[in-house]
Amino acid sequence: MCGIFGYIGQSDASSIIHKGLKRLEYRGYDSWGISIIKDGEIKTIKDIGHLPEKIKKKELFSNIGIGHTRWATHGGITVTNAHPHFSKDKSFVIAQNGIVENYLLLKGRLESKGYTFETEVDTEVIVKLAEDGIKKGQGVKEALINAFKKLDGRNTIVLLDLKNQKIYSIRNGSPLILGVKDDEIFLASDPLAFNQFTKDIVEINNGELVEIEKGNFKIYDIERCKYIDRKKRREKLLNIDVDKGKYDHFMIKEIVQQQHTILRATEYTEKELAPLIERLEKARTVYTIGAGTSGFAADQIAYYLRKISLKNTFSIKSYETESYLDIMKKGDVVIALSQSGETADTIEAVEMFKEKEVYIATVINMPGSTLSRISDIFFMSKAGSEICVASTKVFTSQISFGYLVAKSIIGEFNTAKKELSILSSNLENFFTERNLKDIKSIAKLLIKKEHFFILGKGQNFHIAQEGALKIKEISYKHFEGFAAGELKHGVIALIEKGTPVVSIISKDSNSKDLISSTFEVKARGALTIGIGDKIFEDEKCFDHFITVADSNELKAISNVIPFQLISYYLAKELGNNIDKPRNLAKSVTVK
Ligand code: AGP
């Protein structure tokens, strides 16, 4: 999703902004722009598509500038629509993250005052509103604040001011963070963007404006018009690994890392977990929440809390909270899952839950993110930076953490730790050349097919859904994950000769049902693939079988790995952009 970067210091702003925007690329974008101040004017370069490896330095040498990566919401992917956007007199440019929900209304009002619009983007109303304020005699800062106050929706904006040689930025919703190094100041949507320059950060909260000039920054509360004295702090967790190493793509690197990341995610002590466990023990109802892959992690954790801890638990999708709000009671616990900690749907849901006085625990992977700051307690997934847009290692980190919590409630913290370490060594043994080759050949079998189904039940139901999502995201093929029980109630109508059906089968009370379902689709001509425990590899219902690491109570985690690999190899064969799939953003900061 859109990314913002700003810089004031001694060095070459355009090359620093370029490096910063490159670090924000993983969030997803379709056009970009950089504006700097040079020779008494603002110079801007913009383009659609991806940032080039280098930008022409000489023409753009300056010590102050802003940059933006745009993920189109209002208006097509064109150079004109790319940010930053100039004021008419070229005295400032503005870039924005978010959506101005009332932009049509504001645009109409401005048009009736005689303003004309050149782009299709909602950002342009912010530019015109600021221009309007300046025309009335307001200073740039005042005009920007007044413009901002007229906007509905979650928006974070940045303005580069020619006359005062300053950068102003206001946050509401979309993340914003400062990096400080001596007299250099960095501004970004994500600390990953300036992590190579500094680890000293200053958080900007919703409703705050930051005014940046050379060697200095000031933060104001825009409602109370009050200066805020906030000191920088050192963020230790910013050791972010952004190299592919020996791998062709971040995705495969991140898949293989899971043998280690599931352990890091669960390296908490009983003492560290205690505040959450105590709340969970007392809670009448527990809610887990997330969107996309984190939504499936929320489902799986709810499964563990019901099945292992016997807790009354509902899993809610972040964007479908309405019917739960009135049944939430003080003392209930919400566990919110999010890789980025910035997902607008999840943040909005948590904000609504807070009003119900429930206890909010979040599990996030990005240090300093919004969700961690608005919760009562937060835990890091500690998966390290996940650069591929499709989440893999964070999903398994989240559910491993959920498993540890579920077991801790029933006093089995040590058993959980043992199980997790067995799983980790099983995974280490799973990533062999031979296994990878077999999965690659199964992916090749699927290349010409368009529709696929995945069946799961019990502990594997949500794994079927996450497996399907993973493959959709990267291969653009139509995979659907179903509860095996649903098959006879409708889905079977879609099965024809050659339709691939993947069944997830574990040694548990559901295995018989999975075998019958697979026979039923095979009888109708399906190409059947099994993923699961070794004891099923010779079952006659399967045309192909991928044996996973047998991991007792953690089979669900073993079972998702082959789907991640099928997704990767399928996309590779198809020549898709694996780490940055089309239309998707890593951090979904708008609704
Ligand atoms: C994951 O592969 C997806 N790209 C997406 O579904 C993601 O999980 C979702 O947008 C939620 O993101 P979060 O974990 O950062 O909240």
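Trainee: Where is the place of P84?
Mentor: P84 is in the loop between β4 (64-70) and β5 (85-86). Strands here are DSSP runs of E with at least two residues, helices are runs of H or I with at least four, and both are numbered from the N terminus. Before we go on: this is a predicted model, where local features need pLDDT of at least 70, side-chain atom pairs count only at pLDDT 80 or more, and totals for chains, interfaces and linings use all residues. Residues are numbered from 1 along each chain as its sequence is written, and side-chain values use heavy atoms, with hydrogens and water left out.

Trainee: And which peptide bond joins H83 and P84, cis or trans?
Mentor: The bond between H83 and P84 is cis, with omega at about -5 degrees. Most peptide bonds are trans, and most residues other than glycine have a negative phi.

Trainee: OK, what about the phi of N552?
Mentor: N552 is not a glycine, yet its phi is positive, about 45 degrees. You'll find N552 in the loop between β25 (544-547) and α17 (555-574).

Trainee: Switching topic: where does the ligand sit?
Mentor: In the largest pocket, where sitting there means that more than half of the ligand's atoms lie within 2 Å of the pocket's grid points. A pocket is an open set of points on a 1 Å grid over the protein atoms alone, with protein on both sides within 12 Å along at least five of seven lines; a cavity is a set where a 1.4 Å probe fits but cannot get out, and lining residues have an atom within 4 Å of a point.

Trainee: What volume does the largest pocket have?
Mentor: About 560 Å³, counted as the space filled by probe spheres set on grid points joined across faces, edges and corners. The pocket is lined by 26 residues, with A291, G292, T293, E473 and V588 the closest to its centre. Helix α8 gives the largest share of that lining, 4 residues.

Trainee: Which residues come nearest to the ligand?
Mentor: S294, S338, Q339, S340 and T343, out of 14 residues around the ligand, each having a heavy atom within 4 Å of it. Helix α8 again leads, with 3 residues in that shell.

Trainee: How many residues of the shell are polar or charged?
Mentor: There are 8 polar and 2 charged ones, plus 4 nonpolar. Asp, Glu, Lys and Arg count as charged, Ala, Val, Leu, Ile, Met, Phe, Trp, Tyr, Cys and Pro as nonpolar, and the others, Gly among them, as polar.

Trainee: Last one: how many cavities does a search of the whole structure find?
Mentor: It finds 5 of 30 Å³ or more. The largest holds about 140 Å³ of space, and P175, S189, D190, P191 and E342 are the closest to its centre among 19 lining residues.
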